[in-house]
Amino acid sequence: MLAWLLAAGALALSAPWKPIAPGVDAAPAVELGADAAWAARVVLVDPARAQFLVRYDPTRPTLSQWRTRFPGALAIVNGSFYSVDGAEVRPTCDMVMEGKRLRGAGCLRQDALFFGAVARSAPPTEPVSREPGVKAPRFMAPADFKPEQWQEALKSFPALVRSGSPGCSGAHYCAETSRTAALAQLRDGRLLVFASQWPAVRKDVARWLAEQVGAVDALNLDGGPEATLALRGEAAEDAIGTLGVGLPIVIIVMAR
């Protein structure tokens, strides 16, 4: 059984993790105390062994098409929200893709966060992962985000966990039931990807991530039909997601 030491103890499962690649493992979320009715899955990623890419395409490729474009992907999860204005499809929130900043259609919520996935450089004063020279991915408040420092980054909302405390306590969106996807960071810097095949209440997911998983920060991703999580080598029908749905924004886990 695979166990990872955290500041608050060990994150261990009662069933084995499924290894996807060195530093990347998957498991049913119920093994970490999630509600079994969510039918959710988690992927645990060591940023010293794998990296996250952010990709956007207004033609809304399906999961199958994204897999064709990135045959080496270890995991693919849907990204942030998108906006449709007539025939135009745009990210709702700002992004940085391959070093180019993409302006969002509008994303002014105070509880939004940026996920800096790949840095352009790693200043000596910044924390780094266990691999020398690799700046760790991290979550930032919008006021702290500097797009010129990042090669790959994504903004979304709301924050499900911030500084170890559960968020998303609102009476409307956060109390609604919907298929849900999220990205979280643990105390040791590793990242946890989450997606549910069946509906979940977002504030319940937030509380689970903070109190049972031990997330320091967690960000809600687009949900509903777009909630997707696919692993390398699995059949399309075994992935979490809706077959054939368009995914204009995805986060792709690649080996370093």
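Predicted model: local features only at pLDDT ≥ 70, side-chain atom pairs only at ≥ 80, totals over all residues.
**Exercise 1. The cavity lining**

Solution: 
- Step 1. List the lining: Asn 78, Gly 79, Ser 80, Tyr 82, Asp 222, Glu 226, Leu 247, Pro 248 and Ile 249.
- Step 2. Sort by class. Tyr, Leu, Pro and Ile count as nonpolar, Asp and Glu as charged, and the others, Gly among them, as polar.
- Step 3. The largest cavity takes up about 40 Å³.

**Exercise 2. The largest pocket**

Task: What is the volume of the largest pocket, and which residues are closest to its centre?

Solution: 
- Step 1. The volume of the largest pocket is about 170 Å³.
- Step 2. The pocket is lined by 14 residues; the closest to its centre are Leu 63, Ala 236, Thr 242, Leu 243 and Gly 244.
- Step 3. Sort the lining of this pocket. It holds 6 nonpolar, 6 polar and 2 charged residues.

**Exercise 3. An open sheet**

Solution: 
- Step 1. Recall how strands pair. Backbone hydrogen bonds join the strands of a sheet, either parallel or antiparallel.
- Step 2. Write the order. The 4 strands of this open sheet run β6-β23-β7-β22, with antiparallel pairing.
- Step 3. Find the ends. β6 (50–56) and β22 (229–231) each have a single partner strand, so one side of each has no neighbour in the sheet.
- Step 4. Check the angle. Neighbouring strands here are turned by 20° against each other on average, direction ignored.
- Step 5. Zoom in on one pair. β7 (residues 75–78) and β23 (residues 249–255) are antiparallel and share 4 bridges. Ala 75 stands opposite Val 253 in β23.

**Exercise 4. Two disulfides**

Task: Is the disulfide of Cys 93 and Cys 107 right-handed or left-handed? And that of Cys 168 and Cys 174?

Solution: 
- Step 1. Count the bonds. The model has 2 disulfides.
- Step 2. Take Cys 93 and Cys 107, joined with an S to S distance of 2.1 Å. The S-S torsion is about 65°, so this disulfide is right-handed.
- Step 3. Cys 93 lies in the loop between β9 (88–91) and β10 (95–97), and Cys 107 in the loop between β11 (100–102) and β12 (113–119), 14 residues apart.
- Step 4. Take Cys 168 and Cys 174, joined at 2.0 Å, S to S. Their S-S torsion is about -100°, so this disulfide is left-handed.
- Step 5. Cys 93 is buried at 1%, and Cys 107 is buried at 9%. Cys 168 is buried at 6%, and Cys 174 is buried at 4%.
- Step 6. Write the pattern: 1-2, 3-4, counting bonded cysteines along the chain.

Conventions
Residues numbered from 1 in each chain as written. Heavy atoms only, no water. 1 Å grid on protein atoms, 1.4 Å probe; cavity = no way out; pocket = protein on both sides within 12 Å on 5 of 7 lines; lining within 4 Å. Points joined across faces, edges and corners; volume = space filled by probe spheres on them. Pairing = 2+ DSSP bridges. Helix = DSSP H or I, 4+ residues; strand = E, 2+ residues; numbered from the N terminus. Axes fitted to C-alpha atoms, helices over the stretch in contact; angles between N-to-C directions. Disulfide = S-S within 2.5 Å. Buried < 20%, exposed > 50% of the residue type's maximum accessible area, 1.4 Å probe, protein only.
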